[in-house]
Amino acid sequence: MSSTTGTRGESVTPANPASDTVADTTDVTALLERGRALSTPVLRAAVDRLAPPMDTVAAYHFGWIDAQGRPSDGDGGKAVRPALALLSAEAAGAAAEAGVPGAVAVELVHNFSLLHDDLMDGDEQRRHRDTVWKVHGPAQAILVGDALFALANEILLELGTVEAGRAARRLTSATRKLIDGQAQDISYEHRERVTVEECLEMEGNKTGALLACACSIGAVLGGADDRTADVLEAYGYHLGLAFQAVDDLLGIWGDPESTGKQTWSDLRQRKKSLPVVAALAAGGPASERLGELLAADAKSSDFDSFSEEEFAARAALIEEAGGREWTAQEARRQHAVAIEALHGVGMPETVRAQLTALADFVVVRKR
């Protein structure tokens, strides 16, 4: 089944590569809610350790308060990573609760990266609200991001166990790769051409590494050996690549009502995302015309004032050159590799089914 190829605002997510039936969303919703319910109290307690006004700024970022400091039930994200961390612990035969410190640590690092990314990318909206740097200023976005990263390691290391030290090493390694990926992403914005291999390496660092950590950190805290953790990490890494491929589709063709970002968001930021890179590598008239336009855009002083029609024209060329379909196929391929990795280690069949259902949710999500 191929991806939808309609106009902006329609579903752009690839179909489940394992079957034509989307996983039972009720089960996935329950897994996400469990991850949120178990991790949020610990996450809030961690944020409360921050000195004012960082505690308030972080609370705004997580959606717990609004810009005036009033309690809010804003969208704090889907909690995919906490859900994976808890399942990771269960895959190792431990209780889900054993993975909670890992779930919180990964969520703190993830949000550290979001705070900094929003500032570096100039994004003014996240989760349908103004971003932290827009409301509280760039300095607070930087400081709070740094503080969340420090808290992540503190949450793990204060456990004082051998397993906590192993988990912290995995988290630190994943964070370094995440930062590598962000640096690559920024540098690619100023290059006329990026290869598909370079783009996949960047996305493996920026997205795959932390999702891989989420999928192994609970198992490590639950006492799993390195082989089990490495298999779960491989599942998470390829799931991260599938996740990012879908995100790249949404970054161009996603409905702003669902994504919470501007139309043609990634094109406005000159991102060399997978659809763009694949289209440029495809050859043919549409590919060549796209390359000419993007090269001219890089030198244009009027880029920030481009009309919707100009961005729409570039999106149409990407689709005509095959970049949209190639990216949808890559999401399906990475999903299949992730599921195959799960067969490399023994685990309760219910947990394997739940990890599969979460992978299906990531690849077929509409927002």
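Q: Where is Gln 140 found?
A: Gln 140 is in helix α6, which covers residues 138-157. Helices (H or I, at least four residues) and strands (E, at least two) are DSSP runs, numbered from the N terminus.

Q: Before we go on, what kind of model is this?
A: It is a predicted model, in which local features need pLDDT of at least 70 and side-chain atom pairs count only at pLDDT 80 or more, while totals for chains, interfaces and linings use all residues. Residues are numbered from 1 along each chain as its sequence is written, and side-chain values use heavy atoms, with hydrogens and water left out.

Q: Is Gln 140 buried or exposed?
A: Gln 140 is buried, because its relative accessible area is 17%. Buried means under 20% relative accessible area, exposed means over 50%, and partly exposed is in between (1.4 Å probe, protein chains only).

Q: What is Gln 140 in contact with?
A: Leaving aside its neighbours within four places in sequence, Gln 140 is in contact with Pro 53, Met 54 and Val 57. Contact means heavy atoms within 4.5 Å.

Q: Which bond joins Pro 52 and Pro 53?
A: Pro 52 and Pro 53 are joined by a cis peptide bond, with omega about 0°. Pro 53 is found in the loop between α1 (25-47) and α2 (54-62).

Q: On to Leu 108. Where is its place?
A: Leu 108 is in helix α4. Leu 108 is buried, as its relative accessible area is 0%.

Q: And which residues is Leu 108 in contact with?
A: With neighbours within four places in sequence left aside, Leu 108 is in contact with Leu 43, Phe 62, Leu 148, Leu 151, Ala 152 and Ile 155. The C-alpha atoms of Leu 108 and Ala 58 are separated by 10 Å, and these two residues are 50 residues apart along the chain.

Q: At what angle do α4 and α8 pack?
A: Helix α4 (residues 100-121) and helix α8 (residues 196-221) pack at about 165°, and their axes are 8 Å apart. That makes α4 roughly antiparallel to α8. Axes are lines fitted to C-alpha atoms, for helices over the stretch in contact, and angles run from 0 to 180 degrees between N-to-C directions. Angles under 35 degrees count as roughly parallel, over 145 as roughly antiparallel, 65 to 115 as roughly perpendicular and the rest as oblique.

Q: Which residues make that contact?
A: Among them are Val 106, Val 109 and His 110 of α4, and Leu 210, Cys 213 and Ala 214 of α8.

Q: New topic: how many aromatic pairs does the structure hold?
A: The structure holds five aromatic pairs. One of them is Phe 303 with Phe 311, which is edge-to-face, at 5.7 Å centre to centre and 90° between the planes. Another is Phe 306 with Phe 311, which is tilted, at 5.9 Å centre to centre and 50° between the planes. Rings of Phe, Tyr and Trp (its six-membered ring) pair if their centres lie within 6.5 Å; planes under 30 degrees apart count as stacked, over 60 as edge-to-face and the rest as tilted.

Q: Are Phe 306 and Phe 311 buried or exposed?
A: Both Phe 306 and Phe 311 are buried. Phe 303, Phe 306 and Phe 311 form one aromatic cluster.

Q: Last one: what about phi of Trp 264?
A: Phi of Trp 264 is near 50°, a positive value in a residue other than glycine. Trp 264 is in the loop between α10 (256-259) and α11 (265-268).
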